[in-house]
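I open the model and keep notes on what I look up, entry by entry.

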Amino acid sequence: MNLSKILKKVDFSIEKELLSQIKKDTKDIVSLLNKEIKKRKEKARVFVGGSFAKGTISKSKEYDIDIFVRFEDKNKDISKHLEKIVNSLKNKYKIERVHGSRDYFKVFKTKKITFEIIPVMKIKKPEEAENVTDLSYFHVNYVKREMNNKLAREVRIAKQFFKAQKFYGAEGYIQGFSGYGVECLIIYFKSFEKMIKEILKGKDKIIIDPKKHYKNKNDVLIHINESKLQSPIILVDPTWKGRNVLAALSNETFLRFKEIANKLIVNPKLEYFEEKSLDEEAFRDNAKKNNAEMAKIYLETNKQQGDIAGTKLKKFSRFIRNELEKYFNIVEMEFEYDGERKAKVYFVLKSKGEIERKGPPVN
């Protein structure tokens with residue numbers, strides 16, 4: 001069976017009943033926020049963002065719904081002002097403050113549905129952004145303009161593939177494809193299948209400029225900040241020519257993407273879209289097959305759960321790998337983060353045997 005036939009069979013749409021529930025809950029929270037904003041006479045407006053607002057939300061174990069509060073006064077500590085607004089929800093919901101480049105708030109509806117209330121500045125042009133979240137308003141409007149039912153289906157397929165293969169997310173412990181990045185790629189290539197085939201054709205650095213902000217590829221390399229050009233794919237933000245949407249994508253993640261995407265094309269299987277837990281037994285079998293050893297290491301941090309903790313744990317797993325490489329050939333390595341403050345690292349290691357070290361001169 002070829003890839004096109006497999007993709008026609010899959011459906012990663014969210015159930016209608018659950019979607020209706022999310023719509024209802026979102027409307028309720030937005031209403032309560034607007035009421036409190038009016039009461040406090042804040043110059044701010046609420047807008048719903050993320051995949052829910054864009055119409056690209058897909059089936060998942062858990063759902064994070066983004067709600068942005070857009071403040072007009074640039075001199076305010078907008079996280080502090082948002083906290084006062086969000087506290088009005090405490091009688092009805094459990095609330096948690098999350099520290100970041102700007103603190104935001106998690107509002108827990110159920111174990112499955114969480115709302116993230118995020119403060120942003122109201123700006124007229126993307127280049128005025130003080131924080132990447134300030135661009136969300138422009139991103140939502142761009143995707144909504146370009147999106148249709150066919151493209152939304154292709155986005156859901158792409159997101160499911162990236163999630164299943166652990167390429168999804170711009171967080172430091174993933175360094176993969178962001179949700180907005182996936183949406184931009186599908187809008188540009190028109191389908192998941194064409195997207196992966198075209199990306200696999202790329203020999204050098206891949207440069208994509210959907211809105212043709214620049215004359216040519218060299219122009220992109222000259223004008224975008226060098227620090228944003230380190231990723232293997234440069235995707236010029238359709239809403240702002242100075243930004244690379246995939247700046248967080250690492251070479252390591254991209255190489256794994258290419259390897260698995262190529263396998264999917266050569267031998268298409270539905271299992272590439274299935275999220276699976278790490279198979280410890282497969283590691284043991286691989287170790288036996290290679291006449292090697294398996295190591296399982298537990299890591300823990302006191303850093304804030306999420307991106308901060310995950311990135312810290314991933315960084316330490318790389319340190320361990322570098323130390324182990326002095327004595328072992330690493331056949332396989334896998335990092336598994338639990339989303340909170342713990343992680344596991346699995347290694348298949350083959351001893352280098354006797355290691356020669358230079359001593360002091362004999363004379």
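**Helix α8 and its cover**

I looked up what covers the buried residues of α8: the list includes α1 (3-9), α6 (149-164), α7 (179-189), β6 (206-208), β7 (233-235) and α10. Contact here means heavy atoms within 4.5 Å. Helices (H or I, at least four residues) and strands (E, at least two) are DSSP runs, numbered from the N terminus. This is a predicted model, in which local features need pLDDT of at least 70 and side-chain atom pairs count only at pLDDT 80 or more, while totals for chains, interfaces and linings use all residues. Residues are numbered from 1 along each chain as its sequence is written, and side-chain values use heavy atoms, with hydrogens and water left out.

I then listed the buried residues of α8 (residues 192-201), which are Phe192, Glu193, Met195, Ile196 and Ile199. Seen down the axis of α8, these residues fall within an arc of 165°, so they line one face of the helix. The arc is taken from the directions from the helix axis to the C-beta atoms. Buried means under 20% relative accessible area, exposed means over 50%, and partly exposed lies in between (1.4 Å probe, protein chains only).

**Two lysines with positive phi**

Most residues other than glycine have a negative phi. I noted Lys166, whose phi is near 60°. Lys166 sits in the loop between α6 and α7 and is partly exposed, with a relative accessible area of 41%. Lys190 has a phi near 80°, also a positive value in a residue other than glycine. The loop between α7 and α8 holds Lys190, which counts as partly exposed at 46% relative accessibility.

How many of the nine residues of β2 (residues 63-71) are buried? Eight are, so the strand is largely enclosed by the rest of the structure. I checked its pairing, where two strands pair if DSSP finds at least two bridges between them. β1 (residues 44-48) pairs with β2 in the antiparallel sense over five bridges, and Val46 stands opposite Val69 in β2. β5 (residues 113-121) pairs with β2 in the parallel sense over nine bridges; there, Arg70 has Val120 in β5 as its bridge partner.

**Leu82**

I picked Leu82 in helix α4 (residues 78-86). Leu82 has 0% relative accessibility and therefore counts as buried. Not counting residues up to four places away in sequence, Leu82 touches Val69, Phe71, Phe105, Ile117, Ile118 and Pro119. Leu82 and Ile118 are 36 residues apart in sequence, and their C-alpha atoms are 8.2 Å apart in space.

**His139**

His139 is found in helix α5 (residues 136-146). Its relative accessible area is 8%, so His139 is buried. I leave aside its neighbours within four places in sequence; His139 is then in contact with Lys54, Tyr180, Asp237, Thr239 and Arg243.

**The β9-β10 hairpin**

β9 (residues 328-337) and β10 (residues 342-351) run antiparallel and are joined by nine bridges. Phe335 stands opposite Val345 in β10. The two strands form a hairpin with four residues between them, and Gly339 in the turn has a positive phi of about 90°.

**Cavities**

On a 1 Å grid over the protein atoms alone, a cavity is a set of points where a 1.4 Å probe fits but cannot get out, and its lining residues have an atom within 4 Å of a point. Grid points are joined across faces, edges and corners, and a volume is the space filled by probe spheres set on the points. I found two cavities of 30 Å³ or more.

The largest cavity holds about 40 Å³. Ile174, Gln175, Ser250, Glu252, Thr253, Arg256, Lys314 and Arg318 line the largest cavity. α10 (251-266) and α12 (307-324) each supply at least two of its lining residues, and α10 gives the largest share, three residues. By class, the lining of the largest cavity has one nonpolar, three polar and four charged residues. Ala, Val, Leu, Ile, Met, Phe, Trp, Tyr, Cys and Pro count as nonpolar, Asp, Glu, Lys and Arg as charged, and the others, Gly among them, as polar.

The second largest cavity has a volume of about 30 Å³. Val10, Asp11, Phe12, Ser13, Arg153, Arg156 and Ile157 line the second largest cavity, and they divide into three nonpolar, one polar and three charged.

Notes. 1 Å grid on protein atoms, 1.4 Å probe; cavity = no way out; pocket = protein on both sides within 12 Å on 5 of 7 lines; lining within 4 Å.
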